[in-house]
Amino acid sequence: MESGQNSSEPDLLIHELTENWEKDLEQIQAYIETFDHTEVFIVSENSDPQVLIHALRVDGVKEFLPAPLDEAAINQALDRFLERQGKKQQKTTGHLGQIISLISSKGGVGTTTIAVNLADSLKRKPNGFTVALMDMNMVFGDIPMFLNISPKHHWGDITRNIDRLDEFYLSNVLTRTAGGLDVLASPGYLEKQANLPTPQVIITLLELMKKKYDYIVIDLGQSMNDSALQIIKMSNRVEIVTIQTLPCLSNASRVIKSLLENGYTDQANLYLILNRYIKKGIVNLQTVEQGLNQKISLLIPNDYSTTMSAINSGQTLQESAPKSSIARCYNDYADSLLPEGTEKRKKKGWFF
Ligand SMILES: Nc1ncnc2c1ncn2[C@@H]1O[C@H](COP(=O)(O)OP(=O)(O)OP(=O)(O)O)[C@@H](O)[C@H]1O
Ligand SMILES: [Mg+2]
C-alpha cells in the first residue's frame, strides 16, 4: 500500500465489461476519482477497437484482457502489475529493500566473513545507504565477534514480540555498529522452539525491514529449515558460497539443484561465490562452472592472514586492511550491487 492510500482501497480492481460497456466505463471512472491509487484491469468479451480505445482512456486502466482469458496473458499482466507496485513502494519508502542471502556449501567456507564485509562495504559507499546484517546461525552465530559488538537483543526478542514489531521496536532490537551497520544477532545458545523465527515471523520482519533498509544482508550459514527457505524465497540475490574442494563443490551442486528444482529461487537470482580462490587450485574455474552448471559471479582471493587478523581484531577488512586486494575485491563486489546509474569505481577483474 502506498502512503496516502486509504487502507480499504484495493491495489487492483478487475472489472468485466457487460454489453452496456459505456456505462461500466463511466462507473469505473467514478470509482477511480475516489480511489485513485487503485489500478484497473478490464476483462471484455467485446474486443472491438472502439471498446478498447474507450477503456484505455479511463484513468487507472492498465490492462485490457480479452475474454475468454488466456492464462499466459493474465500472468504477464500480473507480473507487470507487481513490478509497478514494487517501484511505487520504492518511491514512497525511499529505500531499495534489497535482500541478499548468503548460503554456505559447507562449514567454514567463509560465509560470515563475506556477509560482514559485504554489508560493511555497502555501508561505506558515499550514497548513505541503510544496511542491516542478519544472523541466521541460531546457536553458532559469530557476527558480534567479527564486529566487536555486544548485542543486548537478538532474534528471540523479535519472535516473542512479533505482535509488537514496528519500526521503533525493530530499531531497539538491532545493534548499531560504530560503522553504522544494524545487526540482528542470533541468540547464540539453544533457544526454545517457541523463540525461533517461523516463516510467518520472517515474512513480517523482512517486509518491515525492506521499508527501512536499502540492503539486508543475511548470513544463512548452512540453515535450510522452513524459515531459511522463506528468506531464500524473499531474496533478490541468493548467493551460494563455495571453495575449490570437491566436498564443497558437491554440496554446492546439491544446494543449487534443490533450490531451483523446488522453486525456492530461480536462475536469475542465484549467484555462485568462489571464496579463497587460488589460481593454481586443484579444481579450475571451468571445471567448477561445468560441474555445477552455474556461472561463477565472484571470485574472492585466498588471503588467510588478512581475513584472520581482521576477525581477531573485531574489524572489517576495509578497517583493518583497506589497501589489500581482498578489501578492494569487497569494495568492487559492493559496487556491483549498486542500483543502475550509480557511479562505480573501475572493476578489478574479479567478476564474470
Ligand atoms: N578469502 C579468504 N581467504 C582465506 N581465508 C578466508 C577467506 N575468507 C574467510 N577466510 C577464513 O575462513 C575461516 C572461516 O571463516 P568464516 O567464519 O567466515 O566462515 P563460515 O563459513 O561463516 O564458517 P561457519 O561454518 O563456522 O559459520 C576464517 O578463519 C577466515 O579467516
Ligand atoms: Mg559463519
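**Exercise 1. Describe the surroundings of ligand 1.**

Step 1. Ligand 1 is surrounded by 20 residues, the closest being Gly108, Gly110, Thr112, Thr113 and Asp303; a residue is near a molecule if one of its heavy atoms lies within 4 Å of it. This is a predicted model, in which local features need pLDDT of at least 70 and side-chain atom pairs count only at pLDDT 80 or more, while totals for chains, interfaces and linings use all residues. Residues are numbered from 1 along each chain as its sequence is written, and side-chain values use heavy atoms, with hydrogens and water left out.

Step 2. Sort the shell by class: eight residues are nonpolar, 10 polar and two charged. Here Asp, Glu, Lys and Arg count as charged, Ala, Val, Leu, Ile, Met, Phe, Trp, Tyr, Cys and Pro as nonpolar, and the others, Gly among them, as polar.

**Exercise 2. Which element gives the most residues to the shell around ligand 1?**

Step 1. At least two residues each come from α4 (111-123), β10 (270-277), β11 (298-301) and α12 (304-312). Helices (H or I, at least four residues) and strands (E, at least two) are DSSP runs, numbered from the N terminus.

Step 2. The most comes from α12, with four residues.

Definitions and conventions
Chains lettered and ligands numbered in written order.
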